[in-house]
Amino acid sequence: MKGIIFNLLEMLVEDEEGDALWESLLDEAGVSGVYTALGSYADEELIALICGLAAHRDLPIDTVLHWFGRRSIPILADRYPEFFEPHVSTISFLMTLNDVIHAEVRKLYPGAEVPVFDFALGKDAIDDRDTPTLTMVYHSHRSMCALAEGFATGAAEHFGEAIHLEQLECKKMGAEACVLSIRISG
Amino acid sequence: MKSIDEVERLVRKLDRERKARLEAERIAEIATRSALHDNLTGLANRAMLDDILKTSIARSRRNHRAIGILFLDLDRFKNINDSLGHKVGDLVLKEAARRITRAIRSVDSAARIGGDEFAVVCEGAGGIREIVVVAQRILDSFADTFICEEKEISIEPSIGVVLSTEESTPAELLRDADAAMYQAKNKGGRCFEIFDAAMREVATQRLALESSLRAGLRTHQFTAEFQPVVCVPSGNVRSFEALARWNHPELGAISPELFIRIAEDSHQIEELGEQILGIALRDFSGWLHRREGPSDGDLPILSVNFSPAQLGRPTIVPRTLEAIDEMGLAPDRVAIEITESTLMVEDDVVAANLKQFSDKGLRLDLDDFGTGYSSLAYLKRFHVDVLKIDRMFVRDIETDLESRAIVEAIVKMSSALNIDVIAEGVETEPQVQILGGLGCRWMQGYYFDRPAKLDALKHHYATEISADAVVCAKSAELKN
């Protein structure tokens with residue numbers, strides 16, 4: 001996993017709970033804490049830090065992952081505005097994940113292993129209106145669908161939209177892949 | 001005031017940030033190096049070479065001292081790669097890079113341009129003589145063979161040399177050095193050539209010829225001539241070898257050696273081969289229908305040259321059989337003629353195709369025998385019908401006992417393996433006699449006929465082998 005992810009986590013933890021907690025998480029996880037954005041580090045180190053944070057907050061790991069994804073979006077929007085500015089809606093932004101955003105990520109961070117998404121765009125009839133619905137199938141060996149949910153939630157907040165997000169299937173529950181459904185609700 | 005814990009945390013954080021910065025610098029350096037250096041040899045790559053050239057030219061203009069460019073190409077590297085595999089090919093390239101680096105001066109820069117091509121930028125040249133010294137030192141460094149995976153490999157470069165002028169640009173220098181290198185190659189390689197303006201013209205002509213060849217294939221400008229392989233002393237024609245000919249509408253007859261090399265270099269050899277096959281089959285079939293003469297059992301066969309590129313195509317067997325059938329010929333009337341190096345290519349498709357041709361009844365003639373790399377194991381592996389002794393052994397057979405001994409050895413070995421032998425390049429009566437005395441019964445060369453259209457060739461070439469020739473050969477055998 002690229003160092004930029006660890007840098008994001010460090011920024012968020014220190015911002016919300018102080019650098020003492022970050023030091024403590026590093027010690028508990030037994031990691032050096034030396035993460036440069038372009039470097040590559042074991043996935044296990046991030047998982048250990050997330051687990052430590054979950055234990056500290058007394059929350060499920062997936063909840064912490066969701067928080068991480070959601071809170072990362074404002075930082076990413078500030079650092080990489082070119083990914084966000086062309087869009088006015090969450091769905092249109094999310095649909096550029098494979099071909100635009102992750103393509104650029106691989107250029108910026110050579111060797112980055114990014115998830116791949118399949119998309120299906122549909123409409124649900126809600127209150128006599130056709131409401132756009134995006135079905136996202138998440139493919140990654142890391143099984144961090146909760147992080148993907150967090151990113152989607154953060155993106156919706158960035159674009160000022162309320163979304164109804166539901167995980168229809170999960171690999172951790174034996175499904176072939178994780179399937180998310182995102183409907184704009186306001 | 002900060003507590004001790006806060007100070008300790010701050011120190012640790014600063015230390016982590018310092019280490020992260022160092023690591024970032026290290027990663028950036030690796031990335032830069034990868035972007036500017038050739039991964040295999042560690043030499044500068046093309047991008048960095050361009051940069052070096054720009055800087056060196058600017059410096060040379062300021063100092064009024066020319067720079068020299070050497071353009072190196074490893075002779076027969078493709079043969080090494082094809083016959084010994086890419087792993088050995090890579091080791092050869094690394095060894096070549098090592099030798100070049102050791103041979104050049106500390107002020108000079110070496111780069112790998114790509115494939116088996118290298119360049120050296122020689123700084124501060126007072127004149128061409130200094131550059132020539134570097135070129136010669138590089139040639140000398142390649143004098144020793146290279147042992148790789150228990151094989152002794154000879155690496156020999158062709159080198160083009162050019163000296164810059166006040167107006168030179170990087171692209172012009174490389175282009176001119178390349179033209180000079182090509183000239184060195186034409187002279188047989190393992191040498192250097194200093195660029196002159198005439199070479200630029202040659203390089204331009206070569207490119208034009210490449211383009212003309214493409215057009216020639218499109219508009220069917222190519223034809224075939226045939227040269228007989230004669231059975232001595234009966235005089236019967238065993239086979240006709242089809243030879244590609246190109247009569248360019250404006251330039252006239254183009255040398256087959258030249259246009260075949262250009263076809264190979266520009267990846268047009270497959271298409272050329274296919275056209276020549278079709279023309280040869282058509283001409284031969286027509287000739288057979290027109291001729292009167294011996295029964296089918298004594299009819300000559302047609303031999304057609306196939307390149308490794310053609311034999312590497314999965315469809316070559318069915319397409320060839322279809323073409324033969326269309327002309328009303330039987331497969332055993334056709335021989336596939338290939339060079340030694342084709343058999344040593346580690347290519348399952350080539351091997352499978354050759355086996356299929358053999359299974360279908362086509363013959364396999366092995367051309368230029370004795371000039372390729374070692375290993376006669378392929379004679380066991382492939383069903384070779386004929387070995388064609390290379391003309392270099394026949395040419396010297398009157399005066400050189402070694403050539404005579406080699407020919408005799410090939411004839412004896414072939415006889416023991418039940419393989420026939422054809423001697424190529426037979427031009428004189430003494431050569432015919434000596435070859436006949438050594439037991440070689442089939443011969444091809446200007447002595448019998450130059451390549452021509454089939455209707456212009458004789459049907460019979462009666463030749464006697466004198467009893468003296470046989471006695472002399474036996475006498476030489478006894479002395480040894």
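In this predicted model, helices α7(B) and α8(B) are roughly perpendicular to each other, because the angle at which they pack is about 80° and angles of 65 to 115 degrees count as roughly perpendicular. Helix α7 of chain B covers residues 197–218 and helix α8 of chain B covers residues 256–265, and their axes lie 10 Å apart. The residues that meet are Arg206(B), Leu209(B), Glu210(B) and Leu213(B) on the side of α7(B), and Leu258(B), Phe259(B), Ile262(B) and Ala263(B) on the side of α8(B). By class, this contact of α7(B) with α8(B) has six nonpolar residues, two charged residues and no polar ones.

Another pair of helices in chain B can be described in the same terms. The axes of α3 (residues 77–84) and α4 (residues 86–103) of chain B cross at roughly 140° and come within 6 Å. Phe77(B), Ile80(B), Asn81(B) and Leu84(B) of α3(B) make this contact with His86(B), Val88(B), Gly89(B), Val92(B) and Leu93(B) of α4(B). Six of the residues in the contact of α3(B) with α4(B) are nonpolar and three are polar, while none is charged.

| Helix pair | Angle | Axes |
|---|---|---|
| α7(B) and α8(B) | about 80° | 10 Å apart |
| α3(B) and α4(B) | roughly 140° | within 6 Å |

The next topic is a pocket. The second largest pocket has a volume of about 780 Å³, and its lining is made up of 33 residues, of which Ile5(A), His102(A), Val114(A), Pro115(A) and Phe151(A) lie nearest its centre. Several elements of chain A each supply at least two residues of this lining, among them α1 (3–17), α4 (61–79) and β2 (129–139), but the largest share, five residues, comes from α7(A). Sorted by class, the lining has 26 nonpolar, four polar and three charged residues.

Where the two chains meet, chain A brings 16 residues to the contact and chain B brings nine residues. About 1,100 Å² is buried between chain A and chain B, and carbon and sulfur atoms give 51% of this area. On the side of chain A, Glu23(A), Val34(A) and Thr36(A) lose the most area to chain B, and together they account for 49% of what that side buries.

Finally, there are the details of the backbone. Most residues other than glycine have a negative phi, and most peptide bonds are trans. The peptide bond from Val232(B) to Pro233(B), however, is cis, with omega near 10°, and Pro233(B) is placed in the loop between β8 (222–231) and β9 (237–248) of chain B. In chain A, Asp58(A) has a positive phi, near 55°, and this residue sits in the loop between α3 (43–57) and α4 of chain A.

Key. Residues numbered from 1 in each chain as written. Chains lettered and ligands numbered in written order. Predicted model: local features only at pLDDT ≥ 70, side-chain atom pairs only at ≥ 80, totals over all residues. Heavy atoms only, no water. 1 Å grid on protein atoms, 1.4 Å probe; cavity = no way out; pocket = protein on both sides within 12 Å on 5 of 7 lines; lining within 4 Å. Points joined across faces, edges and corners; volume = space filled by probe spheres on them. Helix = DSSP H or I, 4+ residues; strand = E, 2+ residues; numbered from the N terminus. Nonpolar A, V, L, I, M, F, W, Y, C, P; charged D, E, K, R; others polar. Axes fitted to C-alpha atoms, helices over the stretch in contact; angles between N-to-C directions. Parallel < 35°, antiparallel > 145°, perpendicular 65-115°, else oblique. Contact = heavy atoms within 4.5 Å. Buried area = accessible area lost by both parts, 1.4 Å probe.
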